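Here are my notes for you on this structure, written as numbered points. Keep the 3D view open and look up each residue as you read.

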Amino acid sequence: MSSPSPPVLPITNQQQPPAAASQPPLPPHALRAFLNNITESVRNGFAQRRPFSELIDRSAFSKPESISEATTRIRKNYSYFRINYLTAISIILAFSLLSHPFSLLLLLGLLCSWLFLYLFRASDQPLVLFGRTYSDRETLGILIALSVFVVFLTSVGSVIISALLVGVGIVCAHGAFRVPEDLFLDDVPENANTGFLSSFLGSAASNVVSSAAPLVAAARV
């Protein structure tokens, strides 16, 4: 007598849960467009610079008779030679950083951290480091703390401040001794008569923000 066959258990095909939809990556041209916008802004600024011969015209230099006259000369000369002055300060800052490679590497690392860990990272893609997930607020706090450490607790801050002081000193000395009577100040826009530091920081910040805003918005969606 044959033994009864073992009961056959029903087999059910368990459906695997659908894989999470992959997050849309950042467009590869985002960083390239960001850099192109900054390059275009710099190129437009250089197009407005004054001839170098006017900047170093020896016949136009004289000692100011008072502090008020020197201040007036600085304000008028900055309104006319604004792009030239900002270019000179940028060159001094660049040479200062190139002469301190460690500070330059720290500054570039900090800039790359802001670009790739926060600005160009999609908001729905949390930052994962060493097996831990960081929210946007935590990432922002870490980057701010890292920026404070790099700028104030390393040589980066002293290098930048020293270069800016040297550049501003050279610009103020040139503006105080350059007689602005022969300059065509009527061609200068009215918004160029603002303060030196506020105009320098404002123009640079507005160019960077205007260039990065569309790309950052696309990345944070």
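1. Of the 221 residues in the protein, 25% are buried (buried means under 20% relative accessible area, exposed over 50%, and partly exposed in between, with a 1.4 Å probe and protein chains only). Please keep in mind that this is a predicted model, in which local features need pLDDT of at least 70 and side-chain atom pairs count only at pLDDT 80 or more, while totals for chains, interfaces and linings use all residues. Residues are numbered from 1 along each chain as its sequence is written, and side-chain values use heavy atoms, with hydrogens and water left out.

2. The protein has 8 helices and 2 strands (DSSP runs numbered from the N terminus: helices are H or I with at least four residues, strands are E with at least two). Starting at the N terminus, the order is α-α-α-α-α-β-β-α-α-α. Of the contacts between residues at least 6 apart in sequence, 83% join residues at least 24 apart (contact means heavy atoms within 4.5 Å).

3. Now for the record: an unreviewed UniProt entry gives "transmembrane region" at residues 80-98, 104-122 and 143-176. UniProt positions follow the numbering used here, feature names are shortened, and annotations may be inferred rather than shown by experiment. In the model, residues 80-98 are 95% helix and 0% strand, with end C-alpha atoms 29 Å apart. Residues 104-122 are 84% helix and 0% strand, and their end C-alpha atoms lie 28 Å apart.

4. How do α4 and α7 cross? The axes of helix α4 (residues 82-98) and helix α7 (residues 155-177) come within 9 Å and cross at roughly 150° (axes are lines fitted to C-alpha atoms, for helices over the stretch in contact, and angles run from 0 to 180 degrees between N-to-C directions). Residues making the contact include Tyr85, Ile89 and Leu93 of α4 and Ala163, Gly167 and His174 of α7. By class, this contact of α4 with α7 has 13 nonpolar, 4 polar and no charged residues (Ala, Val, Leu, Ile, Met, Phe, Trp, Tyr, Cys and Pro count as nonpolar, Asp, Glu, Lys and Arg as charged, and the others, Gly among them, as polar).

5. Next, the aromatic rings: the structure holds 4 aromatic pairs (rings of Phe, Tyr and Trp, the last by its six-membered ring, pair if their centres lie within 6.5 Å; planes under 30 degrees apart are stacked, over 60 edge-to-face, the rest tilted). Phe81 and Tyr85 form a tilted pair, because their ring centres are 6.1 Å apart and their planes are at 50°. Both Phe81 and Tyr85 are buried. Ring pairs also link Tyr78, Tyr80, Phe81 and Tyr85 into a cluster.

6. Trp114 and Tyr118 make an edge-to-face pair, because their planes are at 80°, with ring centres 6.1 Å apart. They sit 4 residues apart in helix α5 (residues 101-119), so about one helical turn separates them. Trp114 is partly exposed because its relative accessible area is 22%.

7. Is Thr139 buried or exposed? Thr139, in helix α6 (residues 136-152), counts as buried because its relative accessibility is 2%. Leaving out residues up to four places away in sequence, Thr139 touches Leu117, Tyr118, Arg121, Leu127 and Tyr134.
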